[in-house]
Every structure is written in structure tokens, then in C-alpha cells.
Amino acid sequence: MKDANQTGDRPNILFLFSDEHRSDAMGCAGHGLVKTPALDKLAERGTRFVNAYTPSPICVPARAALASGEYVHRTRCWSNAQAYEGEPKSWGHVIGNAGYRVESIGKLHYRSNREDHGFDHEHLPLYIKGGVGWIKGLLRNHEAVLDCSAYAQEIGSGDCDYTQYDVGVTRGACEWLQSANRNDKQPWSLFVSWLRPHYPLTCPDEFFDLYPLEAMDEARFLRDDQLPRHAVTREIRKNFNYDQHFNNETRQIARAGYYGLCSFLDAQIAEVLSTLESQGLADNTLVVYSSDHGDHNGDRRMWTKMSLYDESTRIPMLIAGPDIPKGREITTLTSLVDIFPTMTAAAGLPSMGDTKPGMPLQELANSSHRPRAILSEYHDGGSPTGMFMLRTDQWKYNYYPGYEPELFNIQDDPDELNDLAGQNQYSHHQVVCHRQLCEIVDPDVANQTAFKDQADCINRLGGIDAILQSEEYDFTPIGS
């Protein structure tokens, strides 16, 4: 077996990443049904960040922020048609220049294979379709309302090319780790990225059967007085009305499919971590797990992501390995922008100080609670304006240029059912939250920039009519 000292004092880094895994869909997060033994074990031997958020509740912008350590308004990868092209430089570029072997296996959702994303090799990559991506989202809430009917049909027990792809990613990661100990001195970083539990909600039999419908829980916040009332969120629900295509039985089948895919993903993670252990690499490898965004899974009669509710913006985040406390839960707010400094800190590189918004997870794991504000943004399909979420320890403040904001006291109202914005007794808190938001981003300027960039993109693609006539799809096809 490989001696841990062969990589010197710098650990190897295994970054495990999924797509659309909401933060509470794990046993270690206290879910009473979802079975995730591998992630639960990883949490036991490491630290779980219980208040982790995505920089954007949709794939491409979130992944650009993950790569660059910058929020969406800095990357200007606003939508699923405006993908990362290697700028700003990624954590892969930085630790690669510091002597790491840096490779990826699986979904990237970057522009194409023609750009340098910071990986020495990209195995089984999935980029945006045709290097163009989901262009109908550029029209925002124009008449290009998505046909959501297929979502409610591709559910339940069965096979799917997304599942087959993920099995291939797992196989490739295990084979990579089995050969990793032939690299005598050079430390490595491997980014393993699966598609699941992203829809279609078709799940392999053995995992779907873990969730019999008679034992399933029900979606939350379904009463009329619990449904989203803000005009922007209602517009998104109208433009992506998945729920109208379900009945009571098929809703439960779809929800069971999502739970089953979480367990399928967990099984893939188990195989990779087992291989890491069997190769004698576990003691000197920093393991990080997270996801690009969450999923409503029927809550509030919403499905997929694309809102600022916690179901959509809150994500799992775990870290384990050298110098990481075991069995610890950290309440400090964290974000995918923290991955960049986490990677560079692991590589022994100096802090980038105030040039990036993130903080190393290693530091936060070994610290007491730190007050902090983090940001999430949405500028893609279905929304008539930009959506900016500021999260602090007590408050969630949602700002929508041109519309009234929302203000939720997350400590007293974790379900985000009681909007306090505009109420006199909370006006001071609203002002403070807006000031904190503006310390991170000028939301009105960013909103204008997003629309301008998207108008330029629409023109390059031939105009609105050309986009309306383009091929429709609801998730990136394999081999795109």
C-alpha cells in the first residue's frame, strides 16, 4: 500500500459532487426515511455543515461559482446557456500550478472540451448541450413556457441513461483510485461528479423498493395559505408548473423515486470510498462531499429547483480527513464558494484574503460558530427579474429588483411561511439586510447586467423567434 508520507505534508483531495441533492435528504441530517449509510458514515468520521447553500439554484451558474470561488454576478455565468469557460481561473488551475495532479470524472456542465478548466484530464465529461445549453431560459418569463408534462411520466422503478452514466462514473473513479498509488510523490485531486438524484425520477428497482408508497411521507406546505405568495415565485410556478401533471398517487411515486435516487447516489459514494480505503489512501486524503443545489420534491407544489426557498438553495456539505474533527456539526453558514479556498488551503497555499468571498472549510470545521452573510442568485428561465438571497444567522432576505422584497426570520420561521417585509416592527432588520446585501453585490446593477448579457446572447443565437423554435428539453442529454 502507498505510504501516506509519499505525498509529503499535503493531502490528496477527493471531491465528491452530486446534482440536485437537497440538504435534508440524508440520514445524518435527521431524515426519518432517506437511507444514506455511506454519507452518514462520512459525517461520523468528519464534519457536517448544517447551513450550507448554493450560490445559485440551477446547475451551470452554481458550477461556475464552485470552480472559480466567485459569486454569479462576478462570473457572469447567469444561466444554463452561459457556461464556465475557464475564467475566472478555477481552484484546479491554482492547485495544479502548485504541483497537484488534478483530474475530473463525470458531469462538469461547462461550455465544452475546447477550454482549459484547470483539470489535467476530464474523464466522461458532460458539458452543456452542443456548447450552447438551455437557451430558452434566456427568454426568462417570455412566452416560452416549458412543457413539463414528461417530468411526471418519467418516474418510478426502472432504468435510465442517467443512472447508467453514474454507474460508469463510479467505475471510472474506482479504477482511477486503484491506479493512483502508482503516482509516487505527486499529490492528487480527483473531482467525481454524478448526475443523480437529478431527475428524471426513474430509479433502479433495488433502491426504489426501499421506499414503499404506503410508508412514504407527504410533501410539505400544500395548503393554499402555505403556497408561495410572492409575485416572482408565483411566476416561476406558472412557467414551470410540473405539479399540474401529477395526481396524488403519481406524486408519491415521484417522491419515492427521488428518495431512491438519493440512496442510489449513496451507494455510488460507498463504492468510491471503499476503494479509497482498500488502496490505503484514506488516511492522507481530504474528502469533501456537496451538491450543486437542492430540489423541492413536491414541497409547496413545486418541483426541481429555481426558487430561493431552502428546499432549492440549501445543500449538503461534508468534509473528512486529516485534521478534520470527527462527528462535528457546524452551524456557521457556508457556500460552494468556500470550496475554492478549501482546495487551496489543502494544497498548502496562502490565503487569497479579501480577493474571494469564501473561507476554507478546514478552518470553519475547527472553529466555533462565526456570524456570516452568504449570497445566492437566480437569473434564469421563468423569472421576470433577478432573484438575490442574503442569508444571515437570523434572517433570509430576498430582493427582487422592481418588486417588493421578502424577509423571513429563519430562527423563528424555518419553513419560510411568514413574510415580514414591509412590517414596521421589522423595518430596521430589513434595512440592515439590504445594506449587507449591497456590501456583497449591487443587485440592481447586476440585474441590469444579466439582462444585457442575455440580450446579447439572444441576438447571437438568431433572436427570440429562433430560440422559440429551438429544440425543447428539460435536462441535459447524455453525450451532449
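Colleague: Which residues touch the most other members of the largest nonpolar core?

Modeller: Bear in mind that this is a predicted model. That core holds 58 residues, and Leu 201, Phe 240, Tyr 242 and Leu 437 touch the most other members. Helix H8, residues 248–278, gives the largest share of this core, with eight residues. There's also a second, separate core of 36 residues, which includes Trp 91, Phe 119, Leu 286 and Phe 340.

Colleague: What does Leu 201 touch, leaving out residues up to four places away in sequence?

Modeller: Go by heavy atoms within 4.5 Å. Leu 201 then touches Tyr 151, Glu 154, Ile 155 and Gly 156, along with Ala 254, Gly 257, Tyr 258 and Leu 261.

Colleague: Back to Phe 340. How many residues of helix H10 are buried?

Modeller: Seven of the eight, so to speak a mostly covered helix, spanning residues 339–346. Phe 340 is one of the buried ones, together with Ile 339, Pro 341, Thr 342, Met 343, Thr 344 and Ala 346. After H10 comes Gly 348, with a positive phi near 80°.

Colleague: How should I read the two faces of strand E17: covered or open?

Modeller: In a regular strand, side chains alternate between the two faces of the sheet. In E17, residues 406–409, Glu 406 and Phe 408 lie on one side, Leu 407 and Asn 409 on the other, and all are buried, which leaves both faces covered.

Colleague: Which strand does E17 pair with, and in what sense?

Modeller: E16, residues 395–399, in the antiparallel sense over four bridges. Tyr 397 stands opposite Leu 407. Six residues sit between the strands of this hairpin, where Gly 402 takes a positive phi near 90°.

Conventions
Residues are numbered from 1 along each chain as its sequence is written. This is a predicted model: local features need pLDDT of at least 70, side-chain atom pairs count only at pLDDT 80 or more; totals for chains, interfaces and linings use all residues. Side-chain values use heavy atoms; hydrogens and water are left out. Buried means under 20% relative accessible area, exposed over 50%, partly exposed in between (1.4 Å probe, protein chains only). Two strands pair if DSSP finds at least two bridges between them. A nonpolar core is a set of buried Ala, Val, Leu, Ile, Met, Phe, Trp, Tyr and Cys residues joined through side-chain atoms within 4.5 Å.
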